[in-house]
Amino acid sequence: MKFLPIFLDSRAGPILLVGAGDPVRARLRLLLAAEAQVRWHATDGDFAVAGLDPAAASRIERVDDPATIGLNEIIAVFCAGAGEIGIAVAARARAAGLPVNVMDDPAHSSFIVPAVVDRGEVVVAVGTGGASPVVARRVRERIEALLPARIGDLAALIGRWRKSVHDRIAHAPLRRRFWERVVDGPIGAAVLAGRSNEADDALTAIADPSAYAGEQASRQAEGRVTLVGAGPGDPDLLTVKALRALQDADIVFYDELVSPEILDRARRDAARVPVGRRVGKPGIGQDAINRLLIDAAKSGQRAVRLKGGDPFIFGRGGEEVEALREAGVACSVVPGITAALGAAAESEVPLTFRHEALRVTFLTAHKARDAEGVDWSALTDRKMTVVVYMGITAADAICSGLLAAGRSPETPVGVFARATCPNAKAVVGTLDRLPALVRRIDGGPAILVIGDVVSRSAPWRDSNPNLLSQTFQMAAE
């Protein structure tokens, strides 16, 4: 983020506008919509603006020479279609410490004007750092389509009631939950449907706002824990329910494999606590994690346990749920896209395939001794796809175990590292070369996929076109 979005109080003082043509008139309309007092210098001498209502027109002051204006009163300067005059005015304003925007000229600007979605009390600003106004406009169009027309009315309702509720609910977490229930429940729905009077009546009828917010006998809010699957790495693969849990969280306990981009989807003022560890490195134990979750919930917080992939696939989510239930803590689970599914989708690996791959087995092998404890004889069926999580360090033992049990050395295998992330890497080959393939991926996390379906993947097509043709021919026979 190169530019910090800041909302300027446009009624705090006059704004100087310099320029000509359609660009300056677009800026003028934007400033008038924000109830600004505008001092306008038309560099071409044309001050005509069609379609302004008298109230808006009364807030425009004509300026024949911007050099005569004292900048001590001005709160910001906008230049649009002003040419060299605009650059000169901008330099003078910046020297005076004023915020300046020169349209389509970031070099002479100290701020940029975002694409704006205006819903009255709710304003959404979309910026691209000046790099692409077209992209910003397209994002704005999508937001326009998503936002309810009366969302500003809902914000205005809360603004009218905010002080009254603040005076009656002492604790900030309870106040936040009160307004969440208002926004997400029937009161908010009434406002969005155009029945603001009904919403006001409903708020008036709430005798105990703290109880409405969910205050417990201990005078704390009800705490709970939500186990959330963060998916394999791509933040766009978060489910809507996962995103909602992150936005509601008071505290987030996250694993080592959770990407910063996903963590950024959490509520800005939520506490963030790292509790993960990588294989072979020191880290917090599972018992300590359980205690942190229990303590957070019992203190009235809504805690999110954010895990890479899915909580219930080698994520120890089952252990955490059992510990929470034994402690009497309310909990729920939001599933995530596990690494096997993310890698399969990204590299076009059909984990099952009619008549060819009828079963999928997921297993984990942190270390060689984990692999040595696997009954490999149960995994030799050619119609079974085997997916190994955390199998990099045990690749030699996995290869030896499967070969010794009778799986063909020509079985296609794939090593898929950092699936769905920008630095994802996939290498494919045959089972007898698995250890060598692992050494080519530049570190994990990675999963191993073993089975004929790998020969149908995009990496296999790219690296083994002849072998692919042979595979299809054998399948046809």
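Guide: Leaving aside neighbours within four places in sequence, aspartate 310 is in contact with Gly229, Gly315, Pro335, Gly336, Ile337 and Thr338, contact meaning heavy atoms within 4.5 Å. The model is predicted, so local features need pLDDT of at least 70 and side-chain atom pairs count only at pLDDT 80 or more, while totals for chains, interfaces and linings use all residues. Residues are numbered from 1 along each chain as its sequence is written, and side-chain values use heavy atoms, with hydrogens and water left out.

Aspartate 310 belongs to the loop between strand S11 (302–307) and helix H13 (317–326). Helices (H or I, at least four residues) and strands (E, at least two) are DSSP runs numbered from the N terminus. With a relative accessible area of 10%, aspartate 310 is buried; buried means under 20%, exposed over 50% and partly exposed in between, with a 1.4 Å probe and protein chains only.

A salt bridge needs a side-chain nitrogen of Lys or Arg within 4 Å of a carboxyl oxygen of Asp or Glu.

The side chain of aspartate 310 does reach backbone nitrogens: that of phenylalanine 312 at 2.8 Å and that of glycine 336 at 3.0 Å. Both are listed as polar contacts, that is, pairs of N or O atoms within 3.5 Å; within protein, one atom must be able to donate a hydrogen and the other to accept it, and residues adjacent in sequence count only if both atoms are side-chain atoms.

The buried residues of H13 are Gly317, Glu320, Val321, Ala323 and Leu324. They lie on the same side of H13, because they cover an arc of only 165° around the axis, the arc being that of the directions from the helix axis to the C-beta atoms. Their cover includes strand S8 (224–229), helix H12 (286–298), S11 and strand S12 (331–334). On the other side of H13, Glu322, Arg325 and Glu326 are exposed. Glycine 328, with a positive phi near 75°, follows H13.

Side chains of opposite charge can pair when their charged atoms come close. The structure holds 29 salt bridges. One of them joins arginine 160 to aspartate 200, with the closest N and O atoms 3.1 Å apart. Arginine 160 lies in helix H5 (residues 151–168) and aspartate 200 in helix H8 (residues 196–204), so the bridge ties together parts 40 residues apart in sequence. Aspartate 200, at 18% relative accessibility, counts as buried.

Within H5, lysine 163 and aspartate 167 are 4 residues apart, about one turn of the helix. They form a salt bridge at 3.0 Å between the closest N and O atoms, and both residues are exposed. Arginine 272 and aspartate 264 form another, at 3.6 Å between the closest N and O atoms. Arginine 272 is partly exposed at 29%, as is aspartate 264 at 42%. A network of salt bridges links Arg176, Arg177, Glu180, Asp250, Arg267, Asp269 and Arg302.

Last, the nonpolar interior. A nonpolar core is a set of buried Ala, Val, Leu, Ile, Met, Phe, Trp, Tyr and Cys residues joined through side-chain atoms within 4.5 Å. The largest has 26 residues, of which Val388, Ile398, Val415 and Leu434 touch the most other members. The elements giving it two or more residues are strand S14 (384–389), helix H16 (395–405), strand S15 (412–417), helix H17 (434–438) and strand S17 (446–450), and H16 supplies the largest share, 5 residues. Apart from it lies another core of 19 residues, among them Trp161, Phe178, Val182 and Ala190.

Leucine 431 sits in the loop between strand S16 (425–430) and H17 and is buried at 0% relative accessibility. Beyond four places in sequence, its contacts include Cys399, Leu402, Pro409 and Val413.
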